[in-house]
Amino acid sequence: MTPFKLTDELLAEIEQLIESRGDTNLVSLLEDIHYADIADIIDELNEDEATYLIKLLESDKTSDVLTELDEDVRESILSNLSAKEIAEELDELDTDDAADIIGELPNEIIQEVISEIEDRDHAKHIVDLLRYDENSAGGLMAKELVKVRENWDVLKCVKEMRAQAENVTRVHSIYVVDDNDKLKGRLSLKDLLTTSTRTHISEVYIPKVDYVNVNEKPEEVAKIMSKYDLEAIPVVDEIGRLVGRITIDDIVDVIREEAEKDYQMAAGISQDVEADDSIWDLTRARLPWLFLGLVGGIGAAGIMGGFEEMIKQHAVLFFFTPLIAAMAGNVGVQSSAIVVQGLANDDLKGSVTNRLMKELLLALLNGTILATILLLFTWLWKGDFLTSLSICLSLIAVILVAGFIGTFIPLFLHKRGIDPAIATGPFITTSNDIFGILIYFSIAKMVLGI
């Protein structure tokens, strides 16, 4: 399949057809375009054009397009649709996607939209999902699944599965429950096909099944599904009843959102923002960490001011200040990034002490190698062994301290329940810059005997 590419010519043709109300030609043009690509097209249209296009498409395609749209674009389009029109689109969606869209609507519209949904079971399931916190497994799950009872025989099981599967887009697993809907296990399709029709499900189902509670955090669900390579995972309530399932496509969205959030935090952006947000929103997200960087710079400048006389006597020390600060920041970010990644993937093993010792040994080895290279370069350049030695000893010390801070801070924040991703950004860089400058000039002062 050739990847879709939205060209200026295609966009211009679509806009012209919308303006001229060439409905037949427009529908024909979009017929073979994937709904995700249609969402990209709509993102480029103005509000009136986007609304017109949404109303023109068939509901089964429009509903899928709505799930792919940016939230702001979707909100503006839905504001131009009646409650009945929105309900018609939601009728075509899985309950989790429908609940997500309804949750974005104003409170005064939600009840009206739900009352317009023709499939009352579908509406009931959506209402059930709206009860859960969106930052939980319950808020992430869909109600569509295939379940069978342990006391059924294979023949009845097959009949019931056929009826249930009509409402399920993709059957990943067959879940087994008791008469109270408590999750008992899962059923292998192979066992179902190779077993006598009179055999009871209780004799052939697999009791071992991974599941999550409705209150579990999405990040934890993502870890479980990633660890065990699951395409779907059942969700149970507080008393073990099967209430839904989470599929891999929803988890991919969670992983992507978490990665974007961590990347922004590492870059010193304190809020979830996008490039198209307003200047004011972008400023509020960036300014706090920029202010921290300013304070750190002022602190470093103040430290250097305390060694002004030494710098006058040994001006060469000043030229290596950016190198020391940069190495401190780089080592700190590297160390913290490894720890944060390990915490995110649940890969960190052993005690905190062992982790710190390993990082210190690594920093010592790297520092010694880099310092040796720097010593030879500086000595050959300036011919002053003591000054060169002071710079190199400082570099080793700075790398050791930066490695310690970069490892300890994320672990400390994690223990306190704070997202350790915050440690990989300006916080680590700024703190290491200040400590690096202080260590650099303090060691130089001792070695040079000033």
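The questions and answers below concern a predicted model of one protein.

Reader: How many helices and strands does the protein have?
Author: The chain holds 450 residues, of which 42% count as buried. Its secondary structure includes helix α3, residues 35-43, and strand β3, residues 183-187. The totals are 22 helices and 6 strands.

Reader: What radius of gyration does the protein have, and what would a compact globule of 450 residues have?
Author: Along its principal axes the C-alpha trace spans about 90 × 65 × 45 Å. A compact globule of 450 residues would have a radius of gyration near 22 Å. The protein, in contrast, has 30 Å.

Reader: Of the contacts with a separation of 6 or more, what percentage comes from residues 24 or more positions apart?
Author: The count takes in contacts in the protein with a separation of 6 or more. Residues 24 or more positions apart account for a share of 66%.

Reader: How far apart are the centres of the positive and negative side chains?
Author: The accessible surface comes to about 25,000 Å², and carbon and sulfur atoms own 54% of that area. As for charge, there are 39 positive and 80 negative side chains. The centres of these two sets are separated by 10 Å.

Reader: Which helices do the buried residues of α3 pack against?
Author: Helix α3 covers residues 35-43. Its buried residues are Asp-37, Ile-38, Ala-39, Ile-41 and Ile-42. They pack against α1 (8-20), α2 (23-30), α4 (47-56), α5 (59-68) and α6 (71-78).

Reader: Is Thr-199 buried or exposed?
Author: Thr-199 sits in the loop between α13 (189-193) and β4 (212-213). Leaving aside residues up to four places away in sequence, Thr-199 touches Trp-152, Asp-153, Val-154 and Val-204. The cut-off for buried is under 20% relative accessible area. Because its relative accessibility is 16%, Thr-199 counts as buried.

Reader: What phi does Asp-181 have, and where is the residue placed?
Author: Most residues other than glycine have a negative phi. Asp-181 is not a glycine, yet its phi is positive, at about 70°. Its place is the loop between β2 (174-177) and β3 (183-187).

Reader: Is Asp-229 buried or exposed?
Author: Asp-229 is another residue that is not a glycine and has a positive phi, here about 55°. Asp-229 lies in the loop between α14 (218-227) and β5 (232-236). A residue counts as exposed over 50% relative accessible area. Asp-229 has 69%, so the residue is exposed.

Note on methods. Residues numbered from 1 in each chain as written. Heavy atoms only, no water. Buried < 20%, exposed > 50% of the residue type's maximum accessible area, 1.4 Å probe, protein only. Helix = DSSP H or I, 4+ residues; strand = E, 2+ residues; numbered from the N terminus. Contact = heavy atoms within 4.5 Å. Rg over C-alpha atoms; globule rule 2.2 N^0.38 Å. Areas by Shrake-Rupley, 256 points an atom, 1.4 Å probe, with all protein chains shown as cover. Lys, Arg positive; Asp, Glu negative; His and termini not counted. Charge placed at Lys NZ, Arg CZ, Asp CG, Glu CD.
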